[in-house]
Amino acid sequence: EAQVTQNPRYLITVTGKKLTVTCSQNMNHEYMSWYRQDPGLGLRQIYYSMNVEVTDKGDVPEGYKVSRKEKRNFPLILESPSPNQTSLYFCASSWDSTSSYNEQFFGPGTRLTVL
Amino acid sequence: RKEVEQDPGPFNVPEGATVAFNCTYSNSASQSFFWYRQDCRKEPKLLMSVYSSGNEDGRFTAQLNRASQYISLLIRDSKLSDSATYLCGARDADGLTFGKGTHLIIQP
């Protein structure tokens, strides 16, 4: 089944404790992206990657890191989480990012709480 | 800064009615447009793409007005199962920018 998977789905952690949210897709997509979704603020892009070893900042990259060592994986790293990073996180992928009608598929989401 | 604006609602609509949403985008370089549906606490899923000539999929009709930089979604004969948040998205070379979503509640 074609899908984007994220782990963990739910995480409660404490301020400053490094964490990684994994994202994997099995569709051989070139483009991958991370979003966070907050009430009243909608979906905001954190980082994106157009291909292996190519990553770029989105609208809200502060406090996050990503890597794209393999095509299928795009982990999101919070080196020192803070309470304002409490949010619902979505990973997404598509064939590419160019101006075309490629559907962007989303993972099921990771609900992160930082205490 | 790229922005996509939507009326957050909620739109409370009786079952069977027709409802329309608009969405405006600021980036004139945006080339493709989409409507996504998101159910509570779930991931967004593609409802339909929005083509320049307008397109229809069953009870749903999407239209694009490039001159005014807005897209629209029309839902006819609304069903209870249409209750959800509808996100519009505009894509450029960097990826998809979404609006904050319009919350639709279909009432029996």
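Predicted model: local features only at pLDDT ≥ 70, side-chain atom pairs only at ≥ 80, totals over all residues.
A word on conventions: residues count from 1 along each chain as its sequence is written, and chains are lettered from A in the order in which they are written. Local features need pLDDT of at least 70, side-chain atom pairs count only at pLDDT 80 or more, totals for chains, interfaces and linings use all residues, and side-chain values use heavy atoms, with hydrogens and water left out.

**Exercise 1. Describe the interface of chain A and chain B.**

Step 1: start with contacts (heavy atoms within 4.5 Å). On chain A 25 residues take part, and they touch 23 residues of chain B.

Step 2: get the area. The two chains bury about 2000 Å² between them, with 49% of it on carbon and sulfur atoms; that's accessible area (1.4 Å probe) lost on being put together, summed over both parts.

Step 3: check the polar side. Five residue pairs, both at pLDDT 80 or more, are in polar contact across the interface. The rule wants N or O atoms within 3.5 Å; within protein, one must be able to donate a hydrogen and the other to accept it, and residues adjacent in sequence count only if both atoms are side-chain atoms.

Step 4: see who supplies chain A's side. Strands β4 (31–38), β5 (42–51) and β9 (87–94) of chain A each give two or more residues, and β5(A) has the largest share, with five. Strands here are DSSP runs (E, at least two residues), numbered from the N terminus.

**Exercise 2. Characterise the largest pocket.**

Step 1: take its volume, about 460 Å³. On a 1 Å grid over the protein atoms alone, a pocket is an open set of points with protein on both sides within 12 Å along at least five of seven lines, and lining residues have an atom within 4 Å of a point. The volume is the space filled by probe spheres set on the points, which are joined across faces, edges and corners.

Step 2: look at the lining. Of its 21 residues, A:Gln37, A:Pro39, B:Gln38, B:Arg41 and B:Thr85 are closest to the centre.

Step 3: β4 and β9 of chain A, plus β9 (84–92) and β11 (102–107) of chain B, each contribute two or more residues.

**Exercise 3. Find the enclosed space.**

Step 1: count cavities (sets of points where a 1.4 Å probe fits but cannot get out). There is one of 30 Å³ or more.

Step 2: size the largest cavity: about 50 Å³.

Step 3: name some lining residues, among them B:Lys2, B:Tyr25, B:Asn27 and B:Asp92.

Methods:
Helix = DSSP H or I, 4+ residues; strand = E, 2+ residues; numbered from the N terminus.
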